[in-house]
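Here is a short report on one protein chain. Take a look at the model before reading on.

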Amino acid sequence: MQPGDIILSLRTFYTSKTIAKITEVDGERWSHAALVVAVDPYPIIVQAVPPRVECCLLESLCEHSEK
């Protein structure tokens, strides 16, 4: 992992499940994307979480995602 990488995830919110169903391709379902902005000393990402954009640890994204 390095800065600039994009991480796709499937979130657990109702709207996320709708987005995943509509955009499904070849059985793969994703509803959310985040951008890696730093990796040292720990992975930090930027993500859109309406109504704002936030910077947080990658761990936070993983806690709220199915995959």
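Among contacts in the chain between residues at least 6 apart in sequence, what percentage join residues at least 24 apart? The figure is 46%. A contact here means heavy atoms within 4.5 Å.

## About the model

This is a predicted model: local features need pLDDT of at least 70, side-chain atom pairs count only at pLDDT 80 or more, and totals for chains, interfaces and linings use all residues. Residues are numbered from 1 along each chain as its sequence is written, and side-chain values use heavy atoms, with hydrogens and water left out.

## The chain as a whole

The chain holds two helices and four strands. Read from the N terminus, the elements run β-α-β-β-β-α. Helices (H or I, at least four residues) and strands (E, at least two) are DSSP runs, numbered from the N terminus.

The C-alpha atoms fill a box of roughly 35 × 25 × 15 Å along the principal axes. Of the 67 residues in the chain, 25% are buried. Buried means under 20% relative accessible area, exposed means over 50%, and partly exposed lies in between (1.4 Å probe, protein chains only). The chain exposes about 4800 Å², and carbon and sulfur atoms supply 60% of that area. Accessible areas come from the Shrake-Rupley method with a 1.4 Å probe; for residues, only the protein chains shown count as cover.

## The sheet

Four strands form an open sheet in the order β1-β2-β3-β4, with antiparallel pairing. β1 (6-9) and β4 (52-57) stand at the edges with a single partner strand each, so one side of each has no neighbour in the sheet. Neighbouring strands are turned by 30° against each other on average, direction ignored. The axes behind this angle are lines fitted to C-alpha atoms, for helices over the stretch in contact, and angles run from 0 to 180 degrees between N-to-C directions.

Two strands pair if DSSP finds at least two bridges between them. Strand β3 (residues 44-49) pairs with β4 over six bridges, in the antiparallel sense. Ile45 has Cys56 of β4 as its bridge partner. Ala48 has Val53 of β4. A hairpin joins β3 to β4 through two residues.

## A nonpolar patch

Which residues make a nonpolar surface patch of about 350 Å²? They are Ile6, Leu8, Leu35 and Val37. β1 and β2 (32-38) are the elements that give two or more residues to this patch. Patches are made of residues with over 30% relative accessible area and no salt bridge; like charges are joined within 9 Å, nonpolar side chains (Val, Leu, Ile, Met, Phe, Trp, Tyr) within 5 Å. A salt bridge is a side-chain nitrogen of Lys or Arg within 4 Å of a carboxyl oxygen of Asp or Glu.

Leu35 lies in strand β2. Leu35 counts as partly exposed because its relative accessibility is 37%.
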